[in-house]
Amino acid sequence: MVLLFIILRKSNRRVYMPRTYIGYLRPWQRTPDSPTGFWNWIQAMYQLPDTYVLQHHSMDAYLMLRFLKLCSVMLFVGCCITFPILWPVNATAGGGKKQLNMLSISNITDTQYGRYYAHCFVAWIFVGFIFFMITREHLFYINLRQAYLFSPAYASRISSRTVLFTAVTDDLLNKDKLHTMFGRDKVKNVWIATDTKELEEKVKERDAAAMKLEGAETKLIMLANKARSKALKKQGSAENPETDIGDGQFDDESGSVAARWVEAKNRPTHRLKMLIGKKVDTINWARAEIERLSPEIEELQAKHRAGETKLVSSVFVEFYNQSDAQASFQSVAHNLPLHMSPRYIGLDPTQVIWSNLRIKWWERLGRYAATMAFVCAMIIFWAIPTAVVGAISNIDSLTDIVPFLKFIDSVPSWIKGVITGLLPTVLMAVLMALVPIILRLMAKLGGAPSTPVVELTVQNWFFAFQVVQVFLVVTVASSATSVVSDIIEKPSSAASLLAEKIPTASNFYVSYIILQGLSFSAGALLQIVGLILGKVLGKLLDSTPRKMYTRWSSLAGLGWGTVYPTFTLLVVVGTSNP
């Protein structure tokens, strides 16, 4: 993957170096050009300081780089502390273990309890170092956050002086009362959120019709141009385009040049409902929809401007000074619990989930409890579909247990090879890809009012999911299978048996860390998904100039809620494995 990255980055600047030249980025937002040699790009990368990322990109990107360095330092120092002491202690214990098991704590026999003191003291030192690094990083982050909040670039934004209060009571949904409550000399503007559900639905319908119209018009132009070129080629002589375009009255639609070259039956069409809906002309239908929806949208917008719509329980309060905004954000705004709370500051309007602003405090509690119960159940029971996928790879044993699957034994060998080899891999990839999607949906249903809050919630949930499914389940399962018969015969010995067998399971994570360390880093360089989307799907799906430009100019973001847990799990495994 690294070799492919080095080869492809020279001819695919849009994928691998987009921030160096894309036109819509301001000059100060762009990244310096990177050399395209075989190795010199590494030197250029290390010469670019992290502070450049903080000043020209975002604080999230800078903190991500610092987090990776923190993890690397902790694990490297952990190796320096544990390897020189614990490897000789374990290897010379004489427990009779072989290969990697000889280097683990499982090689210590019952008669050599003194060697456990080495593990105890080394663990104290290592954990103490981890606590020191985390405390140091907390202090650094507090200072960085203060400096960032007081920087002119951030302090000058309206968002830095605007606080969102949710779960506001009906009696406080009044601008005068809010001005009086926070101080008329401190509050500059108050915006009370309104119920925009109907307006948003109609705007989405009109946008969808406009996109359909744009796509159909583009398709019709291409069909007409293709037919005209074919006709001119068939005639053997080129006609004057201007004279050719201006002639004639058209049967299908007045003023449509394409109608001269494309018959009405070949025009773009679609069904109003999938498969069973009425088939309509896309262009005529889309124009009629836009003509119908536009007056309705304008009427609803006028009602919102006039304040004739229903108010919802969220308000945006803009203060004159950033210090007043921070004081209001950190103070208790209501005497009853869960009222005018939670509060948020520094929100970008594009990050607000407007549909969740109407949620009241009691509804938020119910949503949170329901989504939390669902996520906990998913974390616990996700092992069931994972086990099913794993069983497919061992199809012979599965057919013995499930008789109605015996027909698989009679299929050709290459089909059976696909079922046992390729199918489990694809299903497992789909299963793991579904987890972040489900968690983000649950976070939105739980009432998160902005996308950063959604990502933070997903980060907590996804980390818990990975710890349980990847760490605990694998550790316990790989060790419990070898002693399950002993536990059945003598249940009271379960704890001691698992304590004896779990250390041997830790060697699995040596392979896991090597695999993740190599494949994740190399995969991040190659960006195979972005490469495929840009080169293959872009040509298949981007049928209009707007879609082509959007794909070319839009930079893909990172889902922080799923990026951090992956690295955090590696640190958890690395710090617990010694």
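**Strand S1 and its partners**

I started with how S1 pairs: S1 runs antiparallel to strand S5 (residues 311–319) over 5 bridges. Two strands count as paired if DSSP finds at least two bridges between them. Helices (H or I, at least four residues) and strands (E, at least two) are DSSP runs, numbered from the N terminus. Within this pairing I found Thr162 opposite Glu318 of S5.

I then looked up S6, and S1 pairs with S6 as well, again in the antiparallel sense, over 3 bridges. Here Phe165 stands opposite Arg343 in S6.

**A note on the model**

This is a predicted model, so I kept in mind that local features need pLDDT of at least 70, that side-chain atom pairs count only at pLDDT 80 or more, and that totals for chains, interfaces and linings use all residues. Residues are numbered from 1 along each chain as its sequence is written, and side-chain values use heavy atoms, with hydrogens and water left out.

**Is S1 buried or exposed?**

I checked each residue: 5 of the 5 residues of S1 are buried, so S1 is largely enclosed by the rest of the structure. Buried means under 20% relative accessible area, exposed over 50%, partly exposed in between (1.4 Å probe, protein chains only). In a regular strand the side chains alternate between the two faces of the sheet. I went through both faces of S1 and found them covered, with Thr162, Leu164 and Thr166 buried on one side and Val163 and Phe165 buried on the other.

**Confidence**

I looked up pLDDT next, the predictor's confidence in each residue, from 0 to 100. The protein chain has a mean of 84, and 87% of its residues reach 70 or more. S1 (residues 162–166) comes out highest at 95, while helix H10 (residues 241–246) is lowest at a mean of 46. The pLDDT stays below 50 over residues 241–255, a stretch that has 18 contacts in the model beyond near neighbours in sequence. Contact means heavy atoms within 4.5 Å.

Most residues other than glycine have a negative phi, and most peptide bonds are trans. I noted the exceptions below.

In the loop between helix H12 (322–330) and strand S6 (343–345) I found Pro342, and the peptide bond from Ser341 to Pro342 is cis, with omega near 0°. Leu338 is in the loop between H12 and S6 too; Leu338 is not a glycine, yet its phi is positive, about 70°. I have Leu338 down as partly exposed, with a relative accessible area of 39%.

Gln527 also has a positive phi, near 50°. Gln527 lies in the loop between helix H20 (507–526) and helix H21 (528–541), and is partly exposed at a relative accessible area of 33%.
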